[in-house]
2 protein chains.
Amino acid sequence: MELTARKKQILKIVVESYIDTAEPLGSKAIAERMPEKVSSATVRNELAELSDMGYLEQPHTSAGRIPSAKGYRLYVNELMERKPLSDEEAAQINDALRQELKGTDQVIAKTGQMVSSFVDYPTYAVADRTAAATVRRFELIAVDSGSVIAVVMLSDSRVKSQLMHLSLPLEAETLPEISHLLNTHFTGISAEEMNAHLMNLSDQVSGQWFLLLNQVVEYAAGLLKESQQHEVFTNGASQLLKFPEFRDVDKAHDLMHFMVDSKEQLPVPAGDQSMQILIGPENVNEALKESSVVVASYDIGDGMRGLVGVVGPTRMDYAAVAARLSYFAESLTRMFGKHQLPPKENEIQ
Amino acid sequence: MELTARKKQILKIVVESYIDTAEPLGSKAIAERMPEKVSSATVRNELAELSDMGYLEQPHTSAGRIPSAKGYRLYVNELMERKPLSDEEAAQINDALRQELKGTDQVIAKTGQMVSSFVDYPTYAVADRTAAATVRRFELIAVDSGSVIAVVMLSDSRVKSQLMHLSLPLEAETLPEISHLLNTHFTGISAEEMNAHLMNLSDQVSGQWFLLLNQVVEYAAGLLKESQQHEVFTNGASQLLKFPEFRDVDKAHDLMHFMVDSKEQLPVPAGDQSMQILIGPENVNEALKESSVVVASYDIGDGMRGLVGVVGPTRMDYAAVAARLSYFAESLTRMFGKHQLPPKENEIQ
DNA sequence: TTTAGCACTCCGTTCCTCTGAGTGCTAAAT
DNA sequence: ATTTAGCACTCAGAGGAACGGAGTGCTAAA
């Protein structure tokens, strides 16, 4: 039994109708939408075979057909035509991108917000560091006799700072020496190595110095650890509740908890792919096994990537989401690559 | 018709039962729970009067009674006995508080998380600045010929920093002069005043200088504006879905959207109160009119307050939530006041 | 290979009854 | 003046029968 062109045609009709209405589609309705004129009986024969092959399912004997996960997969791989963005939409996205984004954290957060407002699904956004971060440079600024500002510049160009209270007052003149110490011994290494180094120095430097050193190194090590596990931003999670598949509160609860409270184990594009679509049971995460995710990555320079994912029911509008998401990701990558704003004229693929 | 002790007794029983089960309570069940023996007929007479007075409602003629908003209000004001924390709970809270909190932003965020895990309701947490923030001090650090780190210390002791890319290279020696300029002209004033000052300086300083000045001032002004409208952290929002009053997804949707996506117009304690309970229609926000909020504020030094609120159905367990929340708020205030950790021994009121 | 025809299945709706919890009222008891 | 027993009444929710209709699978003819 092979997958003829007509079978694919039928599958496409079923998938797209189900995405639109969330209702099973019967042979008669399908026949009407076929480009060549066929009878509903013919369609019924094809449907039976498509069901046997696992591309379609029946909620119950006397209902129409709905796509299975396998059906969606075929649709996504072969059948779907990416819905091109309208000029208006592309213009809106470009407008959104043109607003100034400062600081990688903010880029990540804003991107999720933007995408969520352009596709009508919840999104998540997270940073994806390709290389482990290290400290590139330390700086200490005297505030008063009892406190010092520690400034830490990381290898990915992020700059973080914090006020430190000293238990023992220090002379302002010693600060350059301490920061020299920090810059020579604690840059370019991992958090673990930093802690080890600190132990070595503990008897080589004076107690007062060590207290401050300790505070700063601990702070920096904390930052490095923090960079490993990024904050996940989610947006528009409440939109889940508008989908009929989540009318049942119990069904909604798990996914909602995952999206707004736990936010762990979110899908990232596998290997070298810049975009990936995960359909229902293809998701490893239990909470997502009845939903689908479209996730894209984009480059934001300094060896950093951003990740933005769209979450929805398995009948999500893959064609629209994939087109918008890749347009977004490409625009962002281009923007950060060339360090310039997206083009005024729309250039849609 | 006055509110006799027995009427209050009955009201208390109804409220507490309804908080527990979400089911209306009938005269017979009430009679059984009364401390003095009374017949169900007597209770019925009292119930009729309590309904007339507006403290109780009937979902339909042949159902038991449930509390009205007015009923909850009386309960909260007069009838409820704060459920004391068990030693175990107090110990858990103290443990949670003992973990080191660094940076006011993190304190706010963590507090929401902690509270959410101790009361089984969603929470929100936000900072509440009593005085408008200004910049206390600027500092510029040369990185290379094309970039500079701007460090801004705010009046509330927060320190923020960002990497700036220069369009025109600057000599490192000029940085101290520029930061002197910043520190003399742009500290202690509002964002609007900063922008005005900047305009004044535009023809007094050289173009190169001005470009950097402009970047730094814009960054700082942005920070000040940001401080006005604080980020709201919410936790455990998905727990809403477990309450029977939100079994209807449409009911849940509005509140959920409010909690996870819009987060605007959240209640803050009025006037000088450190804790406030807002019941159903007492909330000004439309999305909260069928829910209740218990919100407390706590002091974290530097003229900053933190706000943490608990959101739930009107039948929320006020006694438990209020007790836990005020214990939390008091512990935090004490902690930041004395700059020390909470006591090892439990000291429960 | 396609199509018309037909018996069959089964979901969802409507309409009914029935049950039980709870009420309000009246009249007797305290 | 309160409290209580008794009783008729109300009404939501459960359970079940009947029905309509959408959709199927199968057979036989085109």
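Guide: A residue is taken as near a strand if its C-beta atom, placed from the backbone, lies within 6 Å of that strand. The model is a predicted one. With that cut-off, 20 residues lie around DNA strand C, and the nearest are S39(A), T42(A), S62(A), G26(B) and S27(B). Both protein chains are therefore represented among the nearest residues to DNA strand C. The elements that each supply at least two residues to this surface are α3 of chain A and, from chain B, α2 (27–33) and α3. Of these, α3(B) gives the most, with four residues. By class, the surface near DNA strand C has seven nonpolar, ten polar and three charged residues.

The largest share, four residues, comes from α3(A). The surface near DNA strand D divides into seven nonpolar, ten polar and three charged residues.

The relation between the protein chains comes next. Chain A is superposed on chain B by a rotation of 180 degrees with 0.1 Å of shift along the axis, at an RMSD of 0.2 Å. The two copies are thus related as by a two-fold rotation axis.

As for the contact between the chains, 28 residues of chain A are in contact with 28 residues of chain B. On the side of chain A that touches chain B, two or more residues come from each of β4 (135–144), β5 (147–154), β6 (159–165) and α10 (249–262). The element α10(A) gives the most to that side, with seven residues. The residues there comprise 13 nonpolar, nine polar and six charged. The copies meet through the same surface, because 100% of the interface residues of chain A are also interface residues in chain B.

Last, the nonpolar cores. The largest has 147 residues, and V321(A) and V321(B) have the most contacts inside it. Leaving aside neighbours within four places in sequence, V321(A) is in contact with V119(A), Y121(A), V294(A), V310(A) and M316(A). A second, separate core of 52 residues includes L212(A) together with F138(B), M164(B) and I178(B).

Conventions. Residues are numbered from 1 along each chain as its sequence is written. Chains are lettered from A and ligands numbered from 1 in the order in which they are written. This is a predicted model: local features need pLDDT of at least 70, side-chain atom pairs count only at pLDDT 80 or more; totals for chains, interfaces and linings use all residues. Ala, Val, Leu, Ile, Met, Phe, Trp, Tyr, Cys and Pro count as nonpolar, Asp, Glu, Lys and Arg as charged, and the others, Gly among them, as polar. Copies are superposed by least squares on the C-alpha atoms of residues with pLDDT of at least 70 in both. Two residues are in contact if their C-beta atoms, placed from the backbone, lie within 7 Å. A nonpolar core is a set of buried Ala, Val, Leu, Ile, Met, Phe, Trp, Tyr and Cys residues joined through C-beta atoms within 7 Å. A residue is buried if 20 or more other C-beta atoms lie within 10 Å of its own, exposed if 12 or fewer, and partly exposed in between; C-beta atoms are placed from the backbone.
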